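This report describes selected features of one structure. The sequence and the coordinates come first.

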Amino acid sequence: MAKRITIDPVTRLEGHGKIEIFLDDAGNVANAYLQIPELRGFEKFAEGRLVEDMPRITPKICGVCPTAHHMASGKTVDAVYHVDPPPAAKKIRELINSAFAVEDHTLHFYFLGGPDFVVGPEAPAAERNILGVIGKVGVEAATRVIGIRRRLRAIITALGGRVIHPVCNVPGGVSKGVTKEMREEFIAAAEDAVEFAKFTLGVFGKIVLANKSYVDLVVGDIYLHRTYYMGLVDAQNRLNLYDGMIRVVTPSGKEFAKFPPSEYVEHIAEHVEPWSYIKFPYLKKVGWKGFTDGETSGVYRVAPLARLNAAEGMATPAAQEEYERMYATLGGKPAHNTLAYHWARLVELLYAAERLRELARDEEILDPHIRTLPTATPTEGVGVVEAPRGTLYHHYKTDERGVVTEANLIVATVNNSAAISMSIARAARKLITNGEVRDGLLNMVEMAFRAYDPCFACATHAAGQTPLIVTVRDARGAPLRVLRRD
Amino acid sequence: MSQDFEPVIVGFLCNWCSYTGADLAGTSRSRYPPNLRIIRVMCSGRVEPAFVLKALREGADGVLVAGCHPGDCHYQEGNYKTMRRMALLGPLLDQFGIERARVRLEWISASEAGRFVEVVKEMTSRIKALGPLRLGHAQDAEPIAEKLAPA
Amino acid sequence: MGKPKVAFYWCASCGGCEEAVVDLAEGILEVVGAVDIVLWPVALDFKLKDVHALPDGAIAASFINGSVRTSEQKEWVELLRRKSGLVVAFGSCAHIGGVPGLANLYDRAGIFERAYDLVPTADNPGRVHPQTSTKVAEGELRLPEFFNTVRTLDQVIPVDYYLPGCAPPPDLILNAVQAILAGTLPPKGSVLAPAKALCDTCPLKESKPEKMAIKEFKRIATSAPDPAVCYLAQGYVCLGPATRSGCGERCIKANMPCRGCFGPTPEATDLGAKALGALASMVDTKDPDEAARIMAMLPDPAGALYMYALPSSLLQRKKMEAAHG
Ligand code: SF4
Ligand code: SF4
Ligand code: SF4
Ligand code: FES
């Protein structure tokens, strides 16, 4: 028998995500599988619920991005009731969503994904964590990270009641308005957030961009996938996290499709495999060709880099500058390197902070008219926002009493599920040859999916920010090495 | 199997009326099915919704709540309160897949022994037709050994 | 004497309970310094074999969030029970089942069919569903089994304490940790939150009349409540009368009624049944037909009464047709 290396979880007991890598007789990678071992069935138990309860139910899909679900759900119930919220309500929602985007991207950069870069891809694993980041950027900066997250989360609490699972979105608007005192604090927090975002880009520039080996990694080909890209854009095709049309560009950057949320079924289909509870979405008009990239494969990507690729620019001035700088450095659009997600995330961080400031400064958010009461018979609706981890689709149908009869949810990370699997397989293929597991493999594999900031909680409508455990075993099943992603 | 299925019916009977009616049925030797397990309450209004659910959970195939006729409740409003609870309990039980016929509210006065017998008879035969309830506790709901998916 | 060992684990969880601990972490550095965290998937490295290697009872306290939905989660919590002196059910999902417990109105077959076959984006002509074991060209792939029923933690293992909430608020978490460290815990089986009902602490309680009389139920979807008046008195479903206090009236402060994430008050065994009693008592009619008409304004009683608590209810789940036949 040829030697075989299997990568599987430490035991079947452990973890909410696992990777299996199979080798062929020559000891090269035959295939790699990312498995998600959980599902919670939100689409099913939504049936029979009052549609206005959906904004309170669906955030429980994910405690990491409950705000995004609450927003998508709020927009969906508006559509179900054929009602347009007043301007103040829309702005309040977008303000909450922007505050959330800033704090969530911050969490990712400093706590989750950033350590790979800030501390360095070759640093010992024990240092590749938030403590290592603090060591590199200084305690004062770390205090700032904690402070800004707290301040932004307080905005969500003030308006949404709870930062984990806010409750303010109702059909036609929001349940709570903004007072003058609240606005003062929002403006101050937003100004802080803009400065903080600039500071963070500065950190990235100093530590990552000034280091040639990191830049080589970012522009290199280990993590390169030529896929389609998807994201929300405004009327001028600029990136928007809260509203707009969905734009898809081809691997060469040409507009492939642009459609309103209500038409998503024409464009997206989901492939099912028996070995994972997660589904694999693809572009219907291109087709499912398996786990492969290129123009002929329907695999597409979402989330920061995909959003920047799918847009033609940023709607705020400082973010636009950073956007231009990023593409100039990466050598044009679209950028296909998965590690560029980290950079794109920071450009978005700045955009979300600038947008937060615009909204907080806008007098109109003080308008007490925050709700248009629905009068039409409820029917069906689709609501889409850009969650930090990608385009988030909610779709409900109801009977005439507003009782849900069908629901469909395509959540952020799921859009990327095929691409994440491919990235892992690609990294494995590059790094495992002739049965030899190179030292760098584990961290490199880890970096492949960490760049996406995947949240398999969302993905399965199941668990939270999911740890991923990989064990490399020799042919006899003895563990060689254990890897996990927090 | 339903041939010899003998349902267990828990009857919450108001002390002032239905309980006396049941008593009368007993002493006058009217025959009614032995399926009813009687629990005497001071007023039908004392039957909390949780009592009904508890009875079903503990193995009852049906629950009868019987109280004084409208206007006759010794506590003025107890039977109306029960009526309103039942109006919401019914739709709730639908959602749990429990047939409405299993839970029944009746007004039976102290002198209506015959009616009491009729109600119990009819309820017993309807529940016989429905079959056992068998709720089964979540604790017992061990995974079924079959494969995850039907073909 | 080493520091007491503490473990955090998640089952069918959204991760919000983990965020709640992270949010708190900075504030309790001295507490964190006083314990030795041996397991915390979201934040720290760990190995299953390390947990296996510990003597039984070696972990002072395990905080477990999420409900139990798969064979893998069941095995994990059984292991942690053996290794732990105290097990704390953390958050609504572990305590009373949580919102995902609404899935108990359905079963696995229905959930799979909807998710993989029926949603409008499904491309699954062969009706492929996830399998516990799949043969692929290169070998075998396994998945844990997905149960028909969502279970609370104490339906799977004995639980010593409960921390309620979705997610539990920081002050209650901190109190619990301090009580464990100081050995000042209440009797086993306690819920580590105040015993009063939410109505007793609600900022709107002054506007809640002694006796309420309503002719209709209103829905948030189609009417706008007055945020200064008790929701129940206005005819909106609010579970305050049946729900334990301690959350900080979070939803009420965002102008929304309570849906019961803190679970039942101590004297209520079943949150929904208790709330049902409270709602029924307000309805102002003596006519059964009118009562039925008013109740029909609540088209989803199970969702209204048990949004968070269905698995812990007396009925626990919808009747299974086949499983117990
Ligand atoms: S209790 Fe709430 S926050 Fe905690 S895991 Fe369950 S849904 Fe998430
Ligand atoms: S019913 Fe609700 S709104 Fe009224 S006092 Fe109780 S908790 Fe407050
Ligand atoms: S108001 Fe009710 S639902 Fe909201 S946090 Fe408090 S207990 Fe939970
Ligand atoms: S006393 Fe008989 S129902 Fe109230």
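The text below covers a ligand site, a pocket and a sheet in turn.

The model is predicted. Ligand 1 sits between chains A and C. The residues around ligand 1 include His165(A), and among those from chain C are Ser13(C), Cys14(C), Gly91(C), Cys93(C), Gly165(C) and Cys166(C). Two elements of chain C, α1 (16-25) and α5 (91-96), each give two or more residues to this shell. The largest share comes from α5(C), with 3 residues.

The second largest pocket holds about 560 Å³ of space. Its lining counts 23 residues, and those closest to the pocket centre are Lys208(C), Glu210(C), Met212(C), Ala278(C) and Ser281(C). Chain B contributes α3 (78-95), and chain C contributes α8 (198-201) and α11 (271-282), each with at least two lining residues. The most comes from α11(C), which supplies 6 residues to the lining of the second largest pocket.

The residue classes at the two sites are as follows.

| Site | Nonpolar | Polar | Charged |
|---|---|---|---|
| Shell around ligand 1 | 5 residues | 6 residues | no residues |

In chain A, 4 strands make up an open sheet with mixed pairing, ordered β8-β7-β6-β11. Strand β7 (residues 245-249) of chain A runs antiparallel to β8(A), and 4 bridges join the two. Val249(A) has Glu255(A), in β8(A), as its bridge partner.

Notes:
Residues are numbered from 1 along each chain as its sequence is written. Chains are lettered from A and ligands numbered from 1 in the order in which they are written. This is a predicted model: local features need pLDDT of at least 70, side-chain atom pairs count only at pLDDT 80 or more; totals for chains, interfaces and linings use all residues. Side-chain values use heavy atoms; hydrogens and water are left out. On a 1 Å grid over the protein atoms alone, a cavity is a set of points where a 1.4 Å probe fits but cannot get out, and a pocket is an open set with protein on both sides within 12 Å along at least five of seven lines; lining residues have an atom within 4 Å of a point. Grid points are joined across faces, edges and corners, and a volume is the space filled by probe spheres set on the points. Two strands pair if DSSP finds at least two bridges between them. A residue is near a molecule or strand if one of its heavy atoms lies within 4 Å of it. Ala, Val, Leu, Ile, Met, Phe, Trp, Tyr, Cys and Pro count as nonpolar, Asp, Glu, Lys and Arg as charged, and the others, Gly among them, as polar.
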